[in-house]
Amino acid sequence: MKLGFAMPHMLRLKATCQPWEAQVTGADQTRLARWAEQLGYAMISLPEHHIVPESHVELSGPHYFHAYSGMAYLAGATERIRVNSCIAILPLQHPVVTAKSLATTDWLSSGRVTVTFGVGWLAEEFEILGVPFRERGAIAEEYVQAIIELWTAEKPAFEGRYVSFRDVAFEPKPVQRPHPPVWFGGDADPVLRRTARYASGWWPFLTKPEDIPARLDFIRSQPDYNGRLTEVYYGFATSRVGEGHSVQTDPRARPGMSRQEIIDRLGWFSELGVTMSSVPIPAVNDIQEYYDYTQWVAEEIMPAIA
C-alpha cells in the first residue's frame, strides 16, 4: 500500500475541508510538496473544475486548480514524487492541447506524470464552456484515443466526430513508455468499461469500499480488457463525500484516527484491491501542526503498511 500526500487547500469541499486550510498559500503548498517528497509519499494529486456555478459553491466550494498547470508546477518544484490529477475533466479541453500539456510535463519531470481522467458531472460547467454535456461520454472516448495516438505514434493520425488530424508531427513524446499511466475516475459502468480499454488505474468516488472487488471484477471481465489494471486509489475521506459533493457521515473515515485504526482500515482497503490511499487532513490548528502530522504518518503508518 502506497500513500498519496493530502495537500491542504487544493479545494474547499464542505464535506472534508478543515477551517485552517483556507490560510494555506501557493508558497506553502510548494514547501509542502518538497516535504512530502522528503518523507517518501508516493504522489500528489490535483482536483479540477474550471468554473463553479454559484448554486454549487456551498457544497463544492469555489477553489479549484487547472489540473495540468498545477501538476507541471509541482513537478518542477520537486524531483522524485509523482504528480496526478484527481480528476482532470477530459471532455472540457481539446485533446491535442491535453496531450501536449501532459507530454511536456512528463518530459521535463523525467517521467513522473500520471493522469486520472473523468467525464465530468457538473452540467452548468459544460454549458458555460460550450461543450455538450449529454455527449461527454462519446467525447471522452474519442479524446483518450486521440491523446494516446499522439503520445505513441510516430506519424499520428486520427479521424473522429469530435477531433481529427493527419499529416502532423507531435513531439516531445512522453518519457514514459508506451505512455504516462492513464487512470479513470468515476463509478458508472461506462467509466469502468473505458477503464478496461485504456487504463492502468481506477479512482472510485461513490463506490463503497466493500463494493470495490465486484467492480474490479466487472472491469476485468470486459471483452476488450487491456490486462493492465494495476492501481486502485481510494482515499480515506472518499466515503465522506456523496453525489454532488454532498456531506456524508462515516465514522470509519473521520480525521484524527489513532495509529491502529488507520493501519487497520488501510489493511482492509488492501484486501479489497486498493493499492494507494491517503490519510485525511486532520483538524489541526495551523500548517506547522500539519507538518508534524504528516511526519507522524510517514514514521508510524507507512512502515506498517509497506
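User: Which residue lies over the face of Phe-133?

Analyst: This is a predicted model, in which local features need pLDDT of at least 70, side-chain atom pairs count only at pLDDT 80 or more, and totals for chains, interfaces and linings use all residues. Residues are numbered from 1 along each chain as its sequence is written, and side-chain values use heavy atoms, with hydrogens and water left out. A charge sits over a ring if NZ of Lys or CZ of Arg is within 6 Å of the ring centre and within 35 degrees of the ring normal. At 3.8 Å from the ring centre of Phe-133, the residue over the face is Arg-136.

User: Over which ring does the charged end of Arg-265 sit?

Analyst: The charged end of Arg-265 is placed 5.8 Å from the centre of a ring. That ring belongs to Phe-236.

User: How are the rings of Phe-5 and Tyr-41 arranged, stacked or edge-to-face?

Analyst: Rings of Phe, Tyr and Trp (its six-membered ring) pair if their centres lie within 6.5 Å; planes under 30 degrees apart count as stacked, over 60 as edge-to-face and the rest as tilted. The centres of Phe-5 and Tyr-41 are 5.0 Å apart and the planes stand at 80 degrees, so the pair is edge-to-face.

User: Which residues form the cluster that includes Phe-5 and Tyr-41?

Analyst: Both Phe-5 and Tyr-41 are buried (under 20% relative accessible area; exposed is over 50%, partly exposed in between, with a 1.4 Å probe and protein chains only). Ring pairs link the cluster of Phe-5, Trp-20, Tyr-41 and Tyr-290.

User: How do the rings of Trp-203 and Phe-205 pair, stacked or edge-to-face?

Analyst: Trp-203 is buried at 6% relative accessibility, while Phe-205 is partly exposed at 28%. Their ring centres lie 6.2 Å apart with planes at 15 degrees, so the pair is stacked.

User: With which side chain does the side chain of Ser-60 make a polar contact?

Analyst: Ser-60 is buried, at 2% relative accessibility. A polar contact is a pair of N or O atoms within 3.5 Å; within protein, one must be able to donate a hydrogen and the other to accept it, and residues adjacent in sequence count only if both atoms are side-chain atoms. At 2.7 Å, the partner of Ser-60 is the side chain of His-245.
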